[in-house]
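These are my notes from a first look through a structure that was new to me. I wrote each entry as I looked the item up.

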There are 2 protein chains.
Amino acid sequence: MNYSAFTPAEIRALIRAGKLDAPTTGYCDGYAQGNLVVLPKALAWDFLLFCQRNPKACPLLEVADAGERSFFQFAPGSDIAQDIPRYRIYRNGELTEETTDVVRYFEERSDLVSFLIGCSFSFESALLDANIPVRQIEECVNVPMYNTNIPCTPAGVFSGNMVVSMRPIPHAQVPAAVAITAGMPRVHGAPVQIGTPEAIGITDLAHPDYGDAVTLRPGETPVFWPCGVTPQAVVMHSKPEFCITHAPGYMFVTDVKNTLLKF
Amino acid sequence: MNYSAFTPAEIRALIRAGKLDAPTTGYCDGYAQGNLVVLPKALAWDFLLFCQRNPKACPLLEVADAGERSFFQFAPGSDIAQDIPRYRIYRNGELTEETTDVVRYFEERSDLVSFLIGCSFSFESALLDANIPVRQIEECVNVPMYNTNIPCTPAGVFSGNMVVSMRPIPHAQVPAAVAITAGMPRVHGAPVQIGTPEAIGITDLAHPDYGDAVTLRPGETPVFWPCGVTPQAVVMHSKPEFCITHAPGYMFVTDVKNTLLKF
């Protein structure tokens, strides 16, 4: 089944009805998808501040009020607790459960604050439109991601280094790839490193810290973008008493077109 | 005395020493200046959320930790409580004092959170570089500002409509003015209205709600940008028990060049 022509509301309804349980890549052509982080209100100030101070790694799209289950700006009518195909529950920083519905947690406690964070799917769609290859899509694997030595600006209990994703770009297309993504600051923006991985503490491209290795061909430059895994890694490192995230690749599909994130 | 060639650190030192008490327009050519809002921690979550939800009117540059008196990212070594030439103190939404130093308030209570918000000075400098006129600078008056019917997205105790500033732009230069400012989302970004003030509830350009009227010449289009007075108006409307702001025109001078705000 090809879901690229479905509207985001249709996709969210199918997910909510339990009729879709697959990674959301390729759903709803042209619409932005987002990362979800849900934290208790007691940690929300520190996390909001962390995102504000590190907008390239943690580009906030929307923050819901405590206890609120809808993203009013990016997806009116959505249900944060049911509209993602697969969620992960963490307690004290340990993954304790993977589930398709987190309604009970929002019912058990009224202090949960949901953060929607921009995702590289949006800029990859802009790269593909410009005939710039996206290797991990060609090779049907997860994007390779690496820990770096670039410190994030800390905020309260949250601190850590930036995680980056890597895409091999043909030499001649590197300037276009930089310019196109620089124009989309709400979904990570420009790369942080071009062609010199050791400058940011990456020594072995063949063994990413997260995701899968991809082929770097002759005539290509490895280009590194700030990655949405950064906020998740930073949150887990602080061992919060409770946290919900989406499962990797199972994203929240919004009603906002990628093109509007350029604005 | 012309302060355009001074460094931001030099200017802040002069202000801190009580040797400068004038509006900061024209200080430190090329460096960004910012609006200051200081609120008790109890209100800071709602205000941070309000800014996150209304980034065009309230483009946050930096938020300091509670009690912290320096903006580490935009001005390392700065003293928020002394480096602005003139501050305003509000109690329950009423202006109670204008002063050159607010150290005692930061000493009296440890819960004050300082917000630095982007300012239109930055994009005006980019307009002037492109030979686009900025009328209120030519006429040596304050920019005209108007209340609109555009609702901001509320957050907690904060709600209200957007305030906009108006600049008359020669017809042929309107597209360039839009494109240039759209490229600077951290300092208000693109206009919200071009040429049809009544569409956003403005009926009388000759009588702005804040600032001064400027001449609209034949062959010019009135262009309206989201204005940094919005967060101040919204904060005062909620009558916070305590609030510090800069006095209009007396801004915080940062170490970050305007050009870097495009990135």
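Predicted model: local features only at pLDDT ≥ 70, side-chain atom pairs only at ≥ 80, totals over all residues.

Entry 1: I listed the buried ones as A:V229, A:T230, A:P231, A:Q232, A:A233, A:V234 and A:V235. Just after this helix I came to A:K239, which takes a positive phi of about 50°.

I then turned to chain B. Helix 7 of chain B covers residues 229-237, and seven of the nine are buried, so this helix is largely enclosed by the rest of the structure. Its buried residues are B:V229, B:T230, B:P231, B:Q232, B:A233, B:V234 and B:V235. Just past helix 7 of chain B, B:K239 has a positive phi of about 50°.

**Entry 2: confidence.** Chain A has an average pLDDT of 94, and 100% of its residues score at least 70. Which elements of chain A have the lowest and the highest mean pLDDT? I found the lowest in helix 4 (residues 121-129) of chain A, at 91, and the highest in helix 3 (residues 103-108) of chain A, at 98. For the complex I noted an ipTM of 0.81 and a pTM of 0.88, both given by the predictor.

**Entry 3: chain A as a whole.** I noted seven helices and eleven strands in chain A. The C-alpha trace of chain A spans about 55 × 40 × 30 Å along its principal axes. I checked the radius of gyration next: a compact globule of 263 residues would have one near 18 Å, and chain A has 18 Å, which agrees. Of the 263 residues in chain A, 46% are buried. I also looked at contacts with a separation of 6 or more in chain A, and 76% of them are between residues 24 or more positions apart.

**Entry 4: where the chains meet.** I moved to the contact between the chains, where 13 residues of chain A are in contact with 13 residues of chain B. On the chain A side, helix 2 (41-53) and strand 2 (60-63) each supply at least two residues. Helix 2 of chain A gives the most to this side, with five residues. The residues on the side of chain A that touches chain B are nine nonpolar, three polar and one charged. I also noted that 100% of the interface residues of chain A are interface residues in chain B as well, so the copies meet through the same surface.

**Entry 5: symmetry.** How are the two chains related? Chain A superposes on chain B by a rotation of 180° with 0.0 Å of shift along its axis, at an RMSD of 0.0 Å. I wrote this down as the relation of a two-fold axis. In chain A, the C-alpha nearest the axis belongs to A:W45, 3.1 Å from it.

**Entry 6: two positive phi values.** I kept in mind that most residues other than glycine have a negative phi. A:C28 has a phi near 55°, a positive value. I found A:C28 in the loop between helix 1 (8-16) and strand 1 (31-40) of chain A. Is A:C28 buried or exposed? A:C28 is buried, with 22 other C-beta atoms within 10 Å.

My last stop was A:H188, which is not a glycine but has a positive phi of about 85°. A:H188 sits in the loop between helix 6 (174-182) and strand 8 (193-194) of chain A. I counted A:H188 as buried because 27 other C-beta atoms lie within 10 Å.

Note on methods
Residues numbered from 1 in each chain as written. Chains lettered and ligands numbered in written order. Contact = placed C-beta atoms within 7 Å. Helix = DSSP H or I, 4+ residues; strand = E, 2+ residues; numbered from the N terminus. Nonpolar A, V, L, I, M, F, W, Y, C, P; charged D, E, K, R; others polar. Least-squares fit on C-alpha atoms with pLDDT ≥ 70 in both. Buried ≥ 20, exposed ≤ 12 C-beta atoms within 10 Å, placed from the backbone. pLDDT = per-residue confidence, 0-100. Rg over C-alpha atoms; globule rule 2.2 N^0.38 Å.
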